[in-house]
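Subject: A structure for you to explore

Hello,

Here is the structure I promised to hand over. Have a look around it first, and then read on.

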Amino acid sequence: MDLFSLNDVEHHLDKIPSDVFNLKTMLAKGEQAILYRLARDFVKPGHAIIDAGAFLGGSTYAFAAGLRDRADSGSFHGSVMSYDQFLADEPYLREYLRDHFPGSTIDVSKTFSFHHLYDRQVAPVKNYVTTIEGSLLAQSWDTAKPIDVLFVDVCKTLPLNQFVLEHFFPALIPGRSVLIQQDFHHIFHPYIHVTMEMLKEYFETIVSGMAASRVYVLKKAIPTHVLREVIDYAYDRETIVKALGDVVTGSAKMEKPLLRYLVPWMYHQWGDSGTAHQLAEEVTDHLHGEGYIIPPQAYIAFPKMKRVD
């Protein structure tokens, strides 16, 4: 499979079985199509697919449907390793579930399990899935088991990012394995961007921007000491700011407007709201002057910022 052909999946959605798109999911169709194609045309028997952050099974189903549609589908039962807590522990999750499952009785003020909704959605392809419920931090992975595709939609905290690096990255195959960072085009988790910048020597970008995702292939093995340094994440502010600036410099043109807000958001996370707001205003003025549309995420992150649209 030519991995760079994944850049064209949005132009060929009619080639993807319609059931892949019939689920309730926060993923874009292009993202689902990439996962389907990787499972159908790329993954080898005996190699794992890690679905880290399954939510309602949109990624799970896309992977499993791809395995289902292979001539050797019988070799892949249970091959999609699907991880999630299946807990609606954030208001935006509870509101999404309430709005998309109107027949369910959902109290948006309380944390609840949505595992039954995930089960309902992935039921037609469940034979290809192994579901692991609970905190990812309580799990483990035998790094001797090779991972062909690592889909990461779980790094909502630095410890989760560190877990993925420590447990899954060593099982990636140099020159082969594909990594999908599904939160790359969100500014709220800048340690993801710092991580990938520090490891850029070892990864090649396949798809710069597909909705929220960026897709990579591991070019060469990551030395143990290099990976350990990124896991430890003992960087000072100057190093982090430089890394985030380098992320913007090395990004595709369509990615730059949003990613320019990474440094302002980093200052916000450090508790320096004054510097964060000032930098966000400067980025907004620059983008507006260049004729760009201000990304909606910027106004969510910095609600007091003046609107220029």
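Below is what was found in it, going from the whole chain to single residues.

A word on the source: this is a predicted model, in which local features need pLDDT of at least 70 and side-chain atom pairs count only at pLDDT 80 or more, while totals for chains, interfaces and linings use all residues. Residues are numbered from 1 along each chain as its sequence is written, and side-chain values use heavy atoms, leaving out hydrogens and water.

**The whole chain**

The chain has 12 helices and nine strands; these are DSSP runs numbered from the N terminus, with helices being H or I of at least four residues and strands E of at least two. Its radius of gyration is 20 Å, close to the 19 Å that the globule rule gives for 309 residues, so the chain is as compact as a globular protein of that length. (That radius is taken over C-alpha atoms, and the rule is 2.2 Å times the number of residues to the power 0.38.) Along the principal axes, the C-alpha atoms fill a box of roughly 55 × 50 × 40 Å.

Of the 309 residues, 53% count as buried. Buried means under 20% relative accessible area, exposed means over 50%, and partly exposed is in between, with a 1.4 Å probe and protein chains only.

Val9 is found in the segment before helix 1 and is buried, with a relative accessible area of 5%. Leaving aside residues up to four places away in sequence, Val9 touches Gly30, Ala33, Ile34, Arg37 and Met210, where contact means heavy atoms within 4.5 Å. Val9 and Gly30 are 21 residues apart along the chain, yet their C-alpha atoms are separated by 6.2 Å.

**The largest pocket**

A pocket here is an open set of points on a 1 Å grid over the protein atoms alone, where a 1.4 Å probe fits, with protein on both sides within 12 Å along at least five of seven lines; lining residues have an atom within 4 Å of a point. The largest pocket holds about 1,100 Å³ of space, a volume being the space filled by probe spheres set on the points, which are joined across faces, edges and corners. Its lining has 40 residues, of which Tyr92, Leu93, Asp153, Lys156 and Asp183 lie nearest the centre.

Most residues other than glycine have a negative phi. Phe86, however, has a positive phi of about 55°. Phe86 is in the loop between strand 2 and strand 3 (87-88) and counts as buried, at 0% relative accessibility. Ala211 also has a positive phi, near 55°. Ala211 lies in the loop between strand 8 and strand 9 and is partly exposed, with a relative accessible area of 47%.

Enjoy exploring!
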